[in-house]
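This report describes the fold, the surface and selected residues of one protein chain. Please consult the sequence and the structure shown here while reading.

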Amino acid sequence: MLKRKYEQKLISALETNKEFLIDNLRQEWEEAQKIIKRKERAERIVAMTKKSGAALGKIILGMTLVGGVLTVAMVAPKVFTVFGRPDKSGKRYKGFFNEQDFRKSIRQLKFKKYIKVVKKGKNEDSEIFEIYLEKKGNKKIVRESFKDLTIAKSARWDDVWRIVAFDIPERHKWAREGFREKLRQLDFYPLQESVFALPYDCRREIEFLCSVFNISDYVRYLETKILVFDDDLRDFYGIK
């Protein structure tokens with residue numbers, strides 16, 4: 001019962017703060033496009049984007065969340081191209097998928113009522129259709145994006161420790177435990193029960209988590225180059 005209440009609160013909080021997650025998904029999409037642009041043949045693109053059903057389904061939901069509505073059309077034998085709506089800067093994102101894998105994932109997502117598919121007609125010999133997120137699908141991808149949240153590890157440490165300390169009242173226990181667990185998932189090192197450290201830039205992610213759990217008044221974030229007796233942290237992160 002407590003876990004269910006926690007999930008309900010978290011989903012509601014994530015919906016309010018989902019723009020951060022959308023921005024993360026947008027960056028992932030941009031990185032994928034850079035890779036695609038380095039490929040010359042559709043066959044290579046298909047091989048690169050061939051995913052398991054669950055992974056491809058998550059990609060489709062994420063692209064729909066970012067793009068608002070996805071337009072899908074055939075661009076080569078057995079290859080679909082997928083376009084999102086232009087963003088505020090006018091940039092339009094796209095992706096390429098193997099037709100068989102893509103159709104299978106679409107059927108599964110429709111069956112679970114995560115998406116709605118609307119046929120828009122034909123372009124030469126290929127069909128064109130649009131994909132919309134259903135309410136259930138929106139909740140699913142926002143929750144999954146939060147679960148998959150990571151903090152980028154810099155190639156070279158900048159000698160700065162990021163310290164997160166918190167003292168969250170018992171009346172906000174669900175937020176306290178959720179915040180602590182998320183710090184552990186993000187690979188923070190526990191200095192004490194409510195004090196964690198990380199050697200990578202994470203201010204943006206901490207601000208997001210504070211907003212999600214509504215705990216900004218109870219959290220302190222510190223960046224310092226001086227941390228005495230940090231051998232255990234250096235060993236944990238492999239820093240010399």
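## Basis and overall architecture

The model is predicted: local features need pLDDT of at least 70, side-chain atom pairs count only at pLDDT 80 or more, and totals for chains, interfaces and linings use all residues. Residues are numbered from 1 along each chain as its sequence is written, and side-chain values use heavy atoms, with hydrogens and water left out.

## Burial, surface and contacts

Of the 240 residues in the protein, 42% are buried. Buried denotes under 20% relative accessible area, exposed over 50%, and partly exposed the range in between (1.4 Å probe, protein chains only). The protein exposes about 14800 Å², of which carbon and sulfur atoms supply 49%; accessible areas come from the Shrake-Rupley method with a 1.4 Å probe, and for residues only the protein chains shown count as cover.

Contact means heavy atoms within 4.5 Å. Among contacts between residues at least 6 apart in sequence, 64% join residues at least 24 apart.

## Lysine 18 in helix H2

Lysine 18 belongs to helix H2, which covers residues 18–37. The side chain of lysine 18 makes a polar contact with the side chain of glutamate 15, at 3.0 Å. Such a contact is a pair of N or O atoms within 3.5 Å; within protein, one must be able to donate a hydrogen and the other to accept it, and residues adjacent in sequence count only if both atoms are side-chain atoms.

When residues up to four places away in sequence are not counted, lysine 18 touches Leu65, Asn138 and Val142.

## Positive phi in two loops

Most residues other than glycine have a negative phi. Lysine 113 has a positive phi, near 65°, and lies in the loop between helix H5 (99–111) and strand S4 (115–123). Lysine 113 counts as exposed because its relative accessibility is 61%.

Aspartate 187 also has a positive phi, near 75°. Aspartate 187 is placed in the loop between helix H7 (173–185) and strand S7 (189–192), and is partly exposed because its relative accessible area is 26%.

## Cysteines

Cysteine 202 counts as buried because its relative accessibility is 0%. Cysteine 210 is buried as well, with a relative accessible area of 7%. A disulfide is taken to be a pair of cysteine sulfur atoms within 2.5 Å, and by this rule the count is zero disulfides.

Terms used:
Helices (H or I, at least four residues) and strands (E, at least two) are DSSP runs, numbered from the N terminus.
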